[in-house]
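Subject: Structure handover, with notes

Dear colleague,

My notes come after it.

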Amino acid sequence: MIYFYNTLTRRKEEFKAINEKQVGLYTCGPTCYWYQHIGNLRTYVFEDILKKVLLYFGYNVKHVMNITDVGHLTSDSDTGEDKIEKAAAKEGKTAKEITNYYWKLFRDDFKKLNILEPNIWCKATEHIKEQIEVIERLEKKGFIYRTSDGIYFDTSKLKNYGELARLDKKGLIAGKRVDIGEKKNITDFALWKFSEKPGVRQQEWKSPYGIGFPGWHVECSAMSMKYLGETFDIHTGGLDHIPVHHTNEIAQSEAATGKKFVNYWLHGEFLTFKGEKVSKSKGGLFTISELIEKGFSPLSYRYLLLTTHYRKPLDFSLEALENAENSYKRLKNIVSSLKDDGKVNDSYLHEFEKDISNDLDMPNALAVLWKLVRDENAIGKVKTIKKMDLIFSLNLFEKEKVPSKIIELAEKREKFRKEKNWKDSDKIREEIEKLGFIVKDEKDGFKVERK
Ligand code: AMP
Ligand code: ZN
């Protein structure tokens, strides 16, 4: 049995798939207008673990992830500029070039962090017809209205609007101080926005309502229902999606179909920096490439993420990453020297399986791994750890490749040594040690190892 904490009910529940061993999983993807930072990637690693746990227990997972390439405005309240159009103008590129460029970088990050790609990637711009169809269904049922800038969803028409976020509608209205413009209710949201001046935007389409582009939320409803059906098993995202994006996805999907949209909603907590969500103003907005430039292995970041439960905030710092890297390398060193006795250690594996099926308790699962590694009398270490690494995905059995930067330094040092320039050769040795490696001189050259 697997248990997940369901945001919808605020309880840990036993997971039951709609079709026995087949699971439909929708994870909100990136808005491809800029680099994804390590905060975003925390959410994708949590989702990767979720998927791998389902696969581990024999489920077939149909995983769909969207690419937001239109309609996500700089403000979540349907005002401001389109993030993609803004980036395209700034970088002098087409919207398509911008999306494809950042999408490719995103997929590179997936590879570096051993995250499985979804079975289906879907772009908002390639599903305009499906989004218009959702809006038309809502129109037939009387859920929409027109303002001068677009077509809006009337949230007051839906009895349980805001249930996911436990939104206090009365409180919201009482505390209302923001300008809602022509909207009827503060929580109403755009389904279709009109182009201010048709012909100026790079991305706009004809619709029964006028020339324009879809609102951000409707893409996820239209695409998830297209690929996974009108009711499906699991939908995930970061915590910030609960009050607006996911709340509105539920509203428009359930209003359109009259059915329950999703059975289990799982949300990942934030990566923070000095106690606050990583952001441009507060800092901590590293990319994986930047961490690599600083000499870290991307999988050390994955290891760091495993040390905190996905529903707890994780405060990032370079020191914390360094500690994680040290533990990870130590673990890898020990594991790579183990001999396979052909057996599986059922008792440790059972403990591990209990943890991963208990709402993805990876910190405890990691503790079980360390306990096994340190248990001198345990049998079946290699085969058991291989099974565990299906979820951890830390390449525990792969010999570490020494980074090319370190090899270059070692070669430079070798040259100085040949010239008997001991001062410079020692300087480089120290530099290499600072980066976590040691050079060992051998009869016919040198060997570099992790410290
Ligand atoms: P976006 O590209 O802004 O739509 O975000 C992509 C994903 O990253 C979403 O699931 C967000 O909820 C998630 N996310 C954004 N910031 C953070 C953060 N600091 N920590 C964890 N997840 C985040
Ligand atoms: Zn979404």
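What follows goes through the metal site, a pair of helices, the aromatic rings and a few backbone details.

Please keep in mind that this is a predicted model, in which local features need pLDDT of at least 70 and side-chain atom pairs count only at pLDDT 80 or more, while totals for chains, interfaces and linings use all residues. Residues are numbered from 1 along each chain as its sequence is written, chains are lettered from A and ligands numbered from 1 in the order in which they are written, and side-chain values use heavy atoms, with hydrogens and water left out.

Let me begin with the metal. The zinc ion (ligand 2) is held by Cys28 through SG, Cys220 through SG and His245 through NE2, at 2.1 to 2.2 Å; donors here are N, O and S atoms within 2.8 Å of the metal (3.2 Å for Na, K and Ca), and because water is not among the atoms, sites may look incomplete. Along the sequence, the spacing of these donor residues is C-x191-C-x24-H. Cys220 belongs to helix 6 (residues 216–228) and His245 to helix 7 (residues 242–257), so the pair ties together parts that are 25 residues apart in sequence. Helices (H or I, at least four residues) and strands (E, at least two) are DSSP runs, numbered from the N terminus. Cys220 and His245 are both buried, where buried means under 20% relative accessible area, exposed over 50%, and partly exposed in between (1.4 Å probe, protein chains only).

The axes of helix 1 (residues 38–56) and helix 9 (residues 298–306) come within 10 Å and cross at roughly 70°, which makes helix 1 roughly perpendicular to helix 9. Axes are lines fitted to C-alpha atoms, for helices over the stretch in contact, and angles run from 0 to 180 degrees between N-to-C directions; under 35 degrees counts as roughly parallel, over 145 as roughly antiparallel, 65 to 115 as roughly perpendicular and the rest as oblique.

Rings of Phe, Tyr and Trp (its six-membered ring) pair if their centres lie within 6.5 Å, and planes under 30 degrees apart count as stacked, over 60 as edge-to-face and the rest as tilted. Tyr101 and Tyr102 have ring centres 5.0 Å apart and planes at 80°, so this pair is edge-to-face. Tyr101 is partly exposed at 44% relative accessibility, whereas Tyr102, at 4%, is buried. Tyr145 and Tyr152, by contrast, are stacked, with 6.1 Å from centre to centre and 25° between the planes; Tyr145 is buried at 9%, and Tyr152 is buried at 4%. Ring pairs also link Tyr44, Trp103, Phe106, Phe110 and Trp121 into a cluster.

Finally, the backbone. Most residues other than glycine have a negative phi. Glu20, however, has a positive phi near 40°; Glu20 sits in the loop between strand 2 (11–14) and strand 3 (22–27) and is exposed at 70% relative accessibility. Lys274 likewise has a positive phi, of about 50°, lies in the loop between strand 12 (271–273) and strand 13 (276–277), and is exposed at 69%.
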